[in-house]
2 protein chains.
Amino acid sequence: MRKIITVSREFGSGGREIGKRLSECLGLNYYDSEIVKALSEETKLDENYLNDKLENNFNYMTSIAHSFSRLPMEYDPAMLLAKQHNIIKNIVKDNDCIIIGRGADAVLSALKPFKIFVYADMDAKIARCKERMADGENLTDKELEKKIKSIDKSRKSIHDLYSSYTWGDKSAYNLCLNTTGINVKNVVPAVAQIINDYFENLS
Amino acid sequence: MRKIITVSREFGSGGREIGKRLSECLGLNYYDSEIVKALSEETKLDENYLNDKLENNFNYMTSIAHSFSRLPMEYDPAMLLAKQHNIIKNIVKDNDCIIIGRGADAVLSALKPFKIFVYADMDAKIARCKERMADGENLTDKELEKKIKSIDKSRKSIHDLYSSYTWGDKSAYNLCLNTTGINVKNVVPAVAQIINDYFENLS
């Protein structure tokens, strides 16, 4: 029985931390930036660029591609997405694991992954972003809110391009967790229990 | 620190069972049909009638009320709802507890309850309804699907009459659990852990 977990998440909700801690708790491999690293090696495009454009800023990327109408096909945003999907499919071959974002929930649907969606109230997301803000990055609450909304809008757009359901529509996920007011570290063992029950029933 | 949990649920998803088991797991009082019982005592209207009309069949009730335009005000559906809300508010006075459905999530919002929404795929809900079907009640899958959709439509209508958010909109809930493919009994202790963490952080 395959054991694949996908973690979709609103920016700043702590989804990545939940995924990382779940991987430790369940003893599963964890894939996040590793996917972009592999895509960067394949395309020779800069990892930071890909990471930003394929996760956070796709709308912008599409408009760039539009203005560069002679962009070679291998740099077409849709082509880069297709390559990313292929990397995700290769990762899960004989490899039970946890994948963060990047539309893995939709790409791997046929394998019946346990799909988590992590979200939070805007105030909680802003507070979390501030705690983790890099030195020198001085964004006001208003600027952070704008950034969060813009990134989530992009994640939704990319996801919905090739998914049969809307990003964040709870009916498509096994568990939707609002991290507002909870300690992510404390609740991961409980989430792991629910996941284990799901896979036991599948087998 | 108050400890109030509300369980909203799609019909046939197992939300009531989750609520009941959570109350045992957390040692909290549990309110479900007790609310309608209290309303029945207050209004002298039949419990089954109220239970059906205020939970499952409000649209129909509204149309009945409409055709009986001289219905006394105390039987006006909206008045019955208001009385039900008042009963819910009285229940939680100095009483930490779990309340199933009946819009308690919206009515008690200011008390920061932990709000759960339980849902499932249609096939899973039909299967669950069939397991629990009363003797002599012989509904086909198609009829059950129609019944489930109709009841959920009514629950949504009633809820959205007086709530600032839509019934089932995940952003308003702390946890949304899809019971498809999981054993409700097994996951309740995990849900209880998440709830305990929430209330510990609130205090």
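Is Arg132(B) buried, exposed or partly exposed? Hold that thought, everyone, and I'll come back to it.

A word on the model, which is predicted: local features need pLDDT of at least 70, side-chain atom pairs count only at pLDDT 80 or more, and totals for chains, interfaces and linings use all residues. Residues are numbered from 1 along each chain as its sequence is written, chains are lettered from A and ligands numbered from 1 in the order in which they are written, and side-chain values use heavy atoms, with hydrogens and water left out.

Let's start where the chains meet. Chain B brings 26 residues to the contact and chain A brings 26 residues, where contact means heavy atoms within 4.5 Å. Together they bury about 2,100 Å², with 53% of it on carbon and sulfur atoms; buried area is the accessible area (1.4 Å probe) that two parts lose on being put together, summed over both.

What holds charges across that boundary? For salt bridges, the count between chain B and chain A is zero, a salt bridge being a side-chain nitrogen of Lys or Arg within 4 Å of a carboxyl oxygen of Asp or Glu. On chain B's side, β4 (114-119), β5 (175-178) and α9 (184-202) each supply at least two residues (helices, H or I, of at least four residues and strands, E, of at least two are DSSP runs, numbered from the N terminus). The most comes from α9(B), with 10 residues.

The strands join in too. Strand β5 (residues 175-178) of chain A is antiparallel to β5(B), with three bridges joining them; two strands pair if DSSP finds at least two bridges between them. Leu177(A) sits opposite Leu175(B) there.

In chain B, Glu17(B) and Arg128(B) meet at 2.6 Å, N to O. That pair links distant parts of the chain, helix α1 (residues 15-26) and helix α7 (residues 122-131), 111 residues apart. Arg128(B) counts as buried, because its relative accessibility is 17% (buried is under 20% relative accessible area, exposed over 50%, partly exposed in between, with a 1.4 Å probe and protein chains only).

Back to my opening question. Arg132(B) is partly exposed, because its relative accessible area is 48%. Its salt-bridge partner is Glu131(B), at 3.0 Å, N to O, and Glu131(B) is exposed, at 64%.

Over in chain A, Glu17(A), Arg21(A), Arg128(A), Glu131(A) and Arg132(A) are linked in a network of salt bridges.
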